[in-house]
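Visitor: Please take one part of this structure and examine it closely. I would then like to see how the surrounding elements and the partner chain are arranged.

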Amino acid sequence: MARNSGYTLYDKIWESHTVDTLPTGQTQLFIGLHLVHEVTSPQAFDMLREKGLKIAFPERTFATVDHIVPTDMRSRPLLDEQAEEMMRALENNVRQFDIEYFGLDNERQGIVHVIGPQLGLTQPGMTLACGDSHTSTHGAFGTLAFGIGTTQIRDVLATQTLALDKLKVRKIHVQGNLAEGVFAKDVILSIIRRLGVGGGKGFAYEYGGSVVEKMTMEERMTLCNMSIEGGALVGYVNPDQTTFAFLEGRPFVPKGRNFERAVTYWSSVASDPNARYDDVVEIEGSQIEPTVTWGINPGQAIGVSEALPDPETLADPETAKRAYDHMGWQPGMSVAGISIDVAFIGSCTNSRISDLRAAARVVKGKRVSPGVRALVVPGSAEVKAQAEKEGLDRIFADAGFEWRSAGCSMCLAMNPDRLKDREICASSSNRNFIGRQGSPGGRTILMSPAMVAAAALSGKIVDVREYF
Amino acid sequence: MSGNISKNAGGHVDSRQIKQISGKAIPARGNNIDTDRIIPARYMKEITFSRMGEFPFYDERFDSNGNQKPHPFNDPRYRGASILLVNQNFGCGSSREHAPQALYRFGIHAIIGESFAAIFAGNCVMMGIPTVTVAAGVMEQLMKDVETHPETSLTLNLATKTISNPSGQVALDIPETARKALMEGFWDSTSLLLANSDKVKTALSRLPYMTGFGD
């Protein structure tokens, strides 16, 4: 496909990966990389066995364990028998089907959306699938990355393809500059607040503009990670020098002359300057302030200096009323000053080394507020090791944070890390849904890792810029 | 008891073809009902889907002692319903197929809503559960009708793209690809995809990363 012919990255990768148009009218799309974890895959492997099918491309399939792993006591068998059974099922499946596996004691273990990029498995111009909605994270590299369900996992295992409908593309242009103390998390929460949690339905989101161009790869991952929270199945950033520099030298990235060839291919998939979009949205970066959620979905977000909104002024008053019922707050209250019980730094959204550095910068030399339970859960064993090399673990531990091993942890509380009763958690994760963090009455306030750190020290929601 | 899934009438009977679903309906009111509400993550720690039918809306249906709370899924008037009625952006959040599996195993065989989240709707099609949409005003009337006369049967017809009940008929929307997949029995897509293995080889020969960018 010629350059400058009006195509988006989405168009180009879609076309180059199209196998066929199916009788249903759907496209059969080749999937370049399949990432597997323990929670959504066991039934898919069972379906393969029932049908007597093999894995089409085991060498394009990688597995790790993240959702159910304990982040403190990791000796086997795990204390939680159900978790142990799930881990054994995955271990058996990767052995039977000959899949490379980064298990609990492997130095490459970690949250699937942290380790894919870290190992250089995730590359521009590729299609990627994983049985997890936050697969959109990998779009940071200019990858078309699809979160899929278990029956679709079966299809990818059996055929390395998926039956999909083509999406429209919305360009989200974030221009200007971000103020100090404003992070990628604040940008994506602002975007979802503006466009709505269902606003991205039917779209892939292409993020661009000077703010995005200046972002590091880890910031772009945070941005793309929460595309699905805005209803967009796919989110991506066009690959550029920042992308290539990040990838060079990583274990699964080609070396030498092949790396040069890779860069040529990767460059060619970026959207043409004259690409046609189905929709364009402009966001002014300088107007974004540290942002937090106040309700029960990620679109219910406000700047930290704002008061809680009147439901009747919002697009969806019913969901807002339901949010107030659950959170126990009233419109007009200031969000700053709300007391917290738990502080959680972690998840596929914000558990990378730059996230931990930003939080440690706030925490250094200070103490967690009495009564606040605070934990840091690095996104991968490698992030953990790097943080320890930099002494970040000491900064957190000295302040009173628990320093844990890698996993999804309290983002969705499938392991022992969870809220109790009506606890309020300042969380760097991605979902403030009712019951998400393990207690039906638990309350989640989403924010950047630096904001979580500041909340942990203050015992309440504060503007992190007070700590600079 | 569950709804009647009609088979292809006439000579060739293919159990995978889903053209019409009739049954009682059950409303679950509210926009943006996420998959954590449909099935909390702590009930997903199982290696099969077999028990998922016990868990739909668990935290909304039961208190911490396991006692029932008021919820349509606990309401005897809706017992045996096979068609779920929902509002906007139903199934947002996680990709967990445990959510539609929980609903299906509870007895839900079709969902009518104002809109659905993408991954949830995709999972439903893969399982042979039609997710069809109607406008907000139509949904309000359907929900009111069902709340007033829960014993009434609805019929969802994919061939005519209509929903009918004793008080009349309304048009439904469904992506044409999903309608075809369900009606022609292609929703269980593995065999369709497997049949193209030669074309897969052609497609991947265009992709330089498949050879590590080597010669």
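**A strand residue and its surroundings**

Guide: Beyond its neighbours within four places in sequence, A:Glu402 is in contact with A:Ala374 and A:Leu375. The model is predicted, and this residue belongs to strand E17 of chain A, which covers residues 402-403.

Elsewhere in chain A, an open sheet of 5 strands runs in the order E5-E4-E3-E6-E7, with parallel pairing. Its edge strands are E5 (100-102) and E7 (144-147), each of which pairs on one side only. With direction ignored, neighbouring strands of this sheet are turned by 20° against each other on average. Strand E4 of chain A, residues 61-64, pairs with E5(A) in the parallel sense over 3 bridges. Opposite A:Glu100 in E5(A) stands A:Phe62.

Helix H2 of chain A spans residues 42-51, and its buried residues are A:Pro42, A:Gln43, A:Ala44 and A:Phe45. Among the elements that cover these buried residues are helix H3 (81-97) and helix H5 (150-159) of chain A. After H2(A) comes A:Gly52, with a positive phi near 70°.

The partner chain comes next. Contacts between the chains involve 70 residues of chain A and 56 residues of chain B. On the side of chain A that touches chain B, at least two residues each come from strands E1 (18-21), E2 (27-30) and E8 (161-164), and from helices H2, H3, H5, H10 (256-268) and H11 (317-327). H5(A) gives the most to this side, with 7 residues. By residue class, the side of chain A that touches chain B divides into 25 nonpolar, 30 polar and 15 charged residues.

As to confidence, the predictor assigns the complex an ipTM of 0.95 and a pTM of 0.96. Chain B has an average pLDDT of 92, and 93% of its residues score at least 70. Over residues 1-13 of chain B, however, pLDDT stays under 50, and the model has 25 contacts beyond four places in sequence for this stretch. Where pLDDT is low, the predicted coordinates should not be read in detail.

Notes. Residues are numbered from 1 along each chain as its sequence is written. Chains are lettered from A and ligands numbered from 1 in the order in which they are written. This is a predicted model: local features need pLDDT of at least 70, side-chain atom pairs count only at pLDDT 80 or more; totals for chains, interfaces and linings use all residues. A residue is buried if 20 or more other C-beta atoms lie within 10 Å of its own, exposed if 12 or fewer, and partly exposed in between; C-beta atoms are placed from the backbone. Helices (H or I, at least four residues) and strands (E, at least two) are DSSP runs, numbered from the N terminus. Two residues are in contact if their C-beta atoms, placed from the backbone, lie within 7 Å. Two strands pair if DSSP finds at least two bridges between them. Axes are lines fitted to C-alpha atoms, for helices over the stretch in contact, and angles run from 0 to 180 degrees between N-to-C directions. pLDDT is the predictor's confidence in each residue, from 0 to 100. Ala, Val, Leu, Ile, Met, Phe, Trp, Tyr, Cys and Pro count as nonpolar, Asp, Glu, Lys and Arg as charged, and the others, Gly among them, as polar.
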